[in-house]
Structure formats: structure tokens, C-alpha cells
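Take a look at the fold below. Begin with the whole chain, then move to its parts.

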Amino acid sequence: MLNLHEAVKDREGYIDPSVFTDEDLYRLEMSKIFQKTWLYVGHESSIPKAGSYILNYMGENEVIVIRDPNSRLRVFLNRCPHRGNKLCLFDQGLQKGFTCSFHGWRFDTEGRLNGVADSNSYADTLKPERLGLKEVPRVSSYGGLIFASWDDEISSLDGYLGDIRWYLDRLLLKAFLGGIEVLPGRGKYLMPTNWKMMADNFMHDGTHVPITHTSFFQAVQKTQETKGIGWFGGNLFDSALNVLTISPTGVPHACGFFEFLGDTRADSSAQVQPILDRTMAERLGPEAVQWLDDRTKRLKEFVKEDKSMVLGSANWTIFPNLSFIMSPSALRANGIIQWHPRGAKMLEAWQWTAVEKDAPDVVKRFAASLLASDQAPAGMITIDDTENFDRMARNVGSSTIEERPFDYSMPGMDKQQFLEKFRQAGIDVGALPGSLEPLFTEEMARAYYGYYRELMAESR
Ligand code: FES
Ligand SMILES: [Fe+2]
């Protein structure tokens, strides 16, 4: 078994490639990581009433996320206790209970066995109280985001999320603009890489963006030049920074490509994006324009009381395997992405689309289509990433030649120097929680793998 002390030198920034390929390590992750953390299982808007459910995964285990008759959120293993058949076969729906397709055992939405097909044959040997669905013991939600944990003793979800909640409130959940809803359905796609690779990519990897995604930015720029519309405005790389938060219980989370509403630089997203958004809304019609203008008014009102002036961000990771993809545009949906583990060298991405609840349908549809055009299975961004990961998967872990550790040592430019740039642009960086990091640094990944190593070494 791999010695993680040797393999993960998080402070120096050296990670042995086998951390991404070793099957024994992967098996251990299923218990040490996926049974000991809070895992995202869905959004409350997807299950609005008693009996509404969605399926999701916690690690490799499929779960049913449902509201019981009292509308309480419950999470059950999607496994019939009789012989282990998959009980619920559909991704999403409304049910009074579930009947197993194998021998017909029936369960209510509180997980109780409430009937078998041939009860007379059991005489009194059947003990329904011992044959209910296995329930995930801890379920909690933050701003509609539902998390569950197999660990009875895990600290509260609030303690687990810590300061990242401040950013969630402003950038994803946006209650001050009426909040969000998650559209029905989800994208699912396989990527030939370890699940941690994408979690760390979304946590920190600003460096690859201008290189890997050159063609994407060229395409966006072309659309802006020819049609006057676009969903990334301004000098993105100059006006952005990253944020790393460590929760009170030591959990690292990060969001990157952070931009500011109060950025007075002429080429910042704050100056350029509203103009592009207005042009796009005009093309969508008067309903979209009215919504956008009203939204701008509400945003300004909120900003009056909130001097931290947040405009947008791009990529996030909530430890261990939840990411978001966002944009400074009001007209693009946000993606909620889970990197589900599927063996050491494969992951299955599940992607949900979050739109602003108050937006008219025409905007919701357009917002979803913009997201689908970039971060999606056939989107311009995702295919660039997948190509790299595919090549890495073929290259790493299959050779008998001793491999060098992966390098995560980049410190990033001097903090005071880059923060000064933001101060000069009129941004109150001191008001932002967490540790502010330059766009190009690997500090967030080092924090991620440091905590990962700690969890993997825990004895309980
Ligand atoms: S496996 Fe479900 S009823 Fe037999
Ligand atoms: Fe990427």
C-alpha cells in the first residue's frame, strides 16, 4: 500500500502520480473520504414537495434523496434490503413509495418495509422493523444545497463549509436577487481521470485556462466582435484573483477567477460585462430587458449595504468533489458539478444547471444554452480539458519506469503586490473572508491535498 506520507508532500507541492492511479488507495478513499465528509446530494428546488425525489451518488453508492410525508429531507441507499436490487430506477420523480422490481417488496417514503408480494409464505418470520431501507444518518442543507454524510459524528454543515458560505451567498445562491432553482435533468459524462484531478483543477488551476482553453476564448472574442454579444467581458486575467477558505473544522474550499463589481478599470469585467449583457437581453426581447434592468437595480441596492462588491467568479471546489462553474454574466446559468469516483482512473461528472428563479423563461432557456455551449459534455471548455486528461491517463501509471512526482509547487506572485493592484482599482479586498491568492498559484491545491492526506490517515 502506498505510503501517503511519502506520496503527498503537500507543503513542498509534490504529489506522487500513483495517488491518481492506485486502486488500493482508491478503495481506502471510499471509506476515509466519502464516508467521512459532507457530500452534496441535490438542491431543494429539485424536490419541492412530499414524495419528490432525485437520485444521486455518495461516492460509489447510489442514494435516493426524497421528501417524506412531512416534507423532511431524507436520504436512503438505493438498494433493496432483500437481495440488493436497485430499488428506484428513475433519476427524478414523485412517489408515494417504491416497489422492488425483483420480488416486489414495497417501501414507503420513510424507508419502512410496508408490504411483500407473498406475505403468507413468510408466516411470522419477516421482521419489517429490521428490513427498512438503509438511511444516511446526517442530512443538512445550506441555502437549498442539500448535503448528506454517513458519519454520525461529523460536525455541523455550517462548520464544514465555514467562510465559503459568504461567497456562496453572493455568487451562487443570490437570495438578494430572488434565489436560484435547479432545472430538471442533469448532464452525465465520463472523464478518463481520477476524481481528485478535476476537483483540484476547479479548485486552483488558473494557469491552464489561457493555454488549454485558447480556442474557447478566441471563439468568444469572435462572437463579441461580430455579433456584439458575449459571456465573458473584460480583461479576465488581469481583474481576477482566487480565494481559499479553511473552515473552523479545517476543511479547504476555494473559488477562483473572482471579479469585483466596483472594479473601476475600463477593461474590467465590471465595466464591460453589463454592456454585453444588455445587448444579449435586447436580442431576447423586452421581457428579458425588463428583468435585467430590474435585476441591476436590485443588485445596486444590495451593493449599497455590501461594500465588498462581488461581481462573479468562475470555478470552485467544495471539498471533496463538488464544483461550480460560474460567469460574471447575468445571462449565463451556473453549473453545479459533481466528480463522482468510478475507479482510480475514471470519473463520472454529473452536472446540474442553476438559474435565477425570478428570470423569465426566455432568459432561463438562453442561460442554460450558454452553459451547455461551454462547460458541458460537448461544450467548448470541457472537451479541451477531457483531451488533456485522456492523454494524461494514457501516460501515467502504466509504465515500469519510475515516475517523478507531479509538481504543485508554484507559490504565485507576491501577495501584497497583487493585492495593491486591486486596492488601486477601488476594491475593498480587506472585507473579503478567507485567504486571497493570485490567479496563478498552486496554494489551493496544496491545501486540498494536505487535508486529503490528514483524512486518509485518520484512524476512525
Ligand atoms: S431484491 Fe428486492 S424484493 Fe427481492
Ligand atoms: Fe479547464
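What follows goes from overall shape to domains to one helix.

This is a predicted model, in which local features need pLDDT of at least 70, side-chain atom pairs count only at pLDDT 80 or more, and totals for chains, interfaces and linings use all residues. Residues are numbered from 1 along each chain as its sequence is written, and chains are lettered from A and ligands numbered from 1 in the order in which they are written.

The chain has 13 helices and 23 strands. These are DSSP runs, numbered from the N terminus: helices are H or I with at least four residues, strands E with at least two. The C-alpha trace spans about 80 × 60 × 40 Å along its principal axes. Of the 460 residues, 43% are buried (20 or more other C-beta atoms within 10 Å of the residue's own, with C-beta atoms placed from the backbone).

An assignment, automatic or from a database, divides the chain into domain 1 (39-140) and domain 2 (163-457). Their C-alpha centres lie 35 Å apart. Each side gives 8 residues to the contact (C-beta atoms, placed from the backbone, within 7 Å).

Now turn to helix H13, residues 443-457. Its 15 residues reach 21 Å from first C-alpha to last, close to the 21 Å expected at 1.5 Å a residue; that expected span is 1.5 Å times one less than the number of residues. Buried residues in H13 include Glu443, Met444, Arg446 and Tyr452. Among the elements covering the buried residues of H13 are helix H5 (195-204), strand E16 (252-260) and strand E23 (435-437).

Conventions. Buried ≥ 20, exposed ≤ 12 C-beta atoms within 10 Å, placed from the backbone. Contact = placed C-beta atoms within 7 Å.
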